[in-house]
Amino acid sequence: MATKQKSRNRRPSTRDRGPRYVEPVLDPTWQSPYLPSAEEREANGDAVRRYGWRRRVPVTIAVAVLVVALLVGAMVSIWLPVLGVVIGVLYGFELYHSFGRLDRLGTGAGESIARLVGEGGSAHDRQRLATVVDRLSATFGVDGVSAVIIDDEGYNAALMRRGGGLALYVTSSLLRDFELIELEGVVAHCLARQRLGLVERQCIAASVSLDDATRRSLAGIGQCYRADEVAAAAIRYPLGLANALHRCADQVTPPGSYFVSPAFSTTRWSWFNPFADRSTSDLSDLDDPLLRSLALEEW
C-alpha cells in the first residue's frame, strides 16, 4: 500500500514531460524596423521645411521689427499701423510662396545631370533597365519612374526628380558590368530613398548654394546606410546589394568621369555611391560604400 501511495506522489521527471505549448502573444502595434514608418517620412519632409525657415530667419526678424515699429507709431500717425499691417501681410504671402519656389528648385536636378553627362545605352540596355525598374517599383510602391542611362565609366546611380515625376539615372558602365542581382540591389536602394522621403530633400540640397557640411546635413547624414536596410529587406537578398557596393568601393573612378568633376560635389548625396571621387574608404562613415557592404554581409 505504501509503495502504491509513493508511486502516485512521485512527480514525473524532466524526461517524461512532453513539449509545453506557449500561446503566442501578438502585438498589433509592432512594425518591422526595416520598413519606412510614417514618422520617418515626416521627419525627412520636416528637414526641408526647417531649412526653409532657417534661411529666412534674418529677413523675418527684420520685417517683424519694422512692423512692430510701425504699429507703435500710431501715436505719430494713424497711417503707420495700417502700413505695418500691409507690410506684414505682404511678407506672409511672400514667405508662403518662397517654400513653393524652394520645392520647385529640386525638380530640375535630374535634367541638369542628363544634359551635362549625356544619355547613352543601346535600345536593349534601356529595355533591360526599364524592366528591372518597373518590377521593383511595384515592390516599393513607387509609380511613374522613368529609366535613363547616362554615358559615364564610373559606377553609380541616382533617383532624382525630373519635372513632375521621377527618373532613375544609371551609368552605362554599371549597367554593363554588374550582374542582374547586383543591378537589382542598386535599383532597390534608389527606390528605397523615395519610400523614406529622401529624394525631395536630396534634390533640393543639390539645387541650392550651400557649403559641403550644410548640404550634407540637409540631404541627411547616414541615410545611404538606412536606404540599404530598407532595400535589402524588400528584395530579401542583401548579398546582391553588398556585392554592388563592393564593386563601387573597389573602383578607381577614371579621369573624365562626372564623378571626379567639381560638379559632382553639388549632387553627391543623391547618388548610390556619394564617395565615388574618394580613393580610400572611411569605415567610420555610415555613407561609405565599403562599410555599407560589410554591414550587409553580416545579415
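Helix H7 (residues 180-196) packs against helix H10 (residues 223-235) at an angle of about 115°, with the axes 8 Å apart. Axes are lines fitted to C-alpha atoms, for helices over the stretch in contact, and angles run from 0 to 180 degrees between N-to-C directions. H7 and H10 are therefore roughly perpendicular to each other; angles of 65 to 115 degrees count as such, under 35 as roughly parallel, over 145 as roughly antiparallel and the rest as oblique. The crossing of H7 past H10 is right-handed, that is, the near helix is turned clockwise from the far one by less than a right angle. On the H7 side the contact (heavy atoms within 4.5 Å) uses Gly185, Ala188, His189, Ala192, Arg193 and Leu196. H10 supplies Cys224, Arg226, Ala227, Asp228, Val230, Ala231 and Ile235. By class, the contact of H7 with H10 has eight nonpolar, two polar and three charged residues. Here Ala, Val, Leu, Ile, Met, Phe, Trp, Tyr, Cys and Pro count as nonpolar, Asp, Glu, Lys and Arg as charged, and the others, Gly among them, as polar.

This is a predicted model: local features need pLDDT of at least 70, side-chain atom pairs count only at pLDDT 80 or more, and totals for chains, interfaces and linings use all residues. Residues are numbered from 1 along each chain as its sequence is written, and side-chain values use heavy atoms, with hydrogens and water left out. Helices (H or I, at least four residues) and strands (E, at least two) are DSSP runs, numbered from the N terminus.

**Three residues**

Gly185 sits in helix H7. Leaving aside neighbours within four places in sequence, Gly185 is in contact with Ile235 and Leu241. Gly185 and Asp287 are 102 residues apart in sequence and 16 Å apart in space, C-alpha to C-alpha.

Arg236 lies in the loop between H10 and helix H11 (238-250). Its phi is near 60°, a positive value in a residue other than glycine. Most residues other than glycine have a negative phi.

Asn273 is in the loop between helix H12 (264-267) and helix H13 (289-297). Not counting residues up to four places away in sequence, Asn273 touches Asn156, Cys248, Phe264 and Pro289.

Buried means under 20% relative accessible area, exposed over 50%, partly exposed in between (1.4 Å probe, protein chains only).

| Residue | Relative accessible area | Class |
|---|---|---|
| Gly185 | 0% | buried |
| Arg236 | 75% | exposed |
| Asn273 | 2% | buried |

**The sheet**

Three strands form an open sheet in the order E1-E3-E2, with mixed pairing. Two strands pair if DSSP finds at least two bridges between them. Strand E1 (145-150) and strand E2 (157-162) stand at the edges, each with a single partner strand, so one side of each has no neighbour in the sheet. Neighbouring strands are turned by 30° against each other on average, direction ignored.

E2 and strand E3 (residues 165-171) run antiparallel, joined by six bridges. Leu159 stands opposite Leu168 in E3. Arg162 has Gly165 of E3 as its bridge partner. The two strands form a hairpin with two residues between them. In the turn, Gly163 has a positive phi of about 65°.

E2 is mostly covered, with five of its six residues buried. Helix H4 (residues 109-117) packs on the sheet and touches E1, E2 and E3. The direction of H4 makes about 120° with that of E2. Helix H8 (residues 198-205) lies across E2 and E3, running at about 85° to E2.
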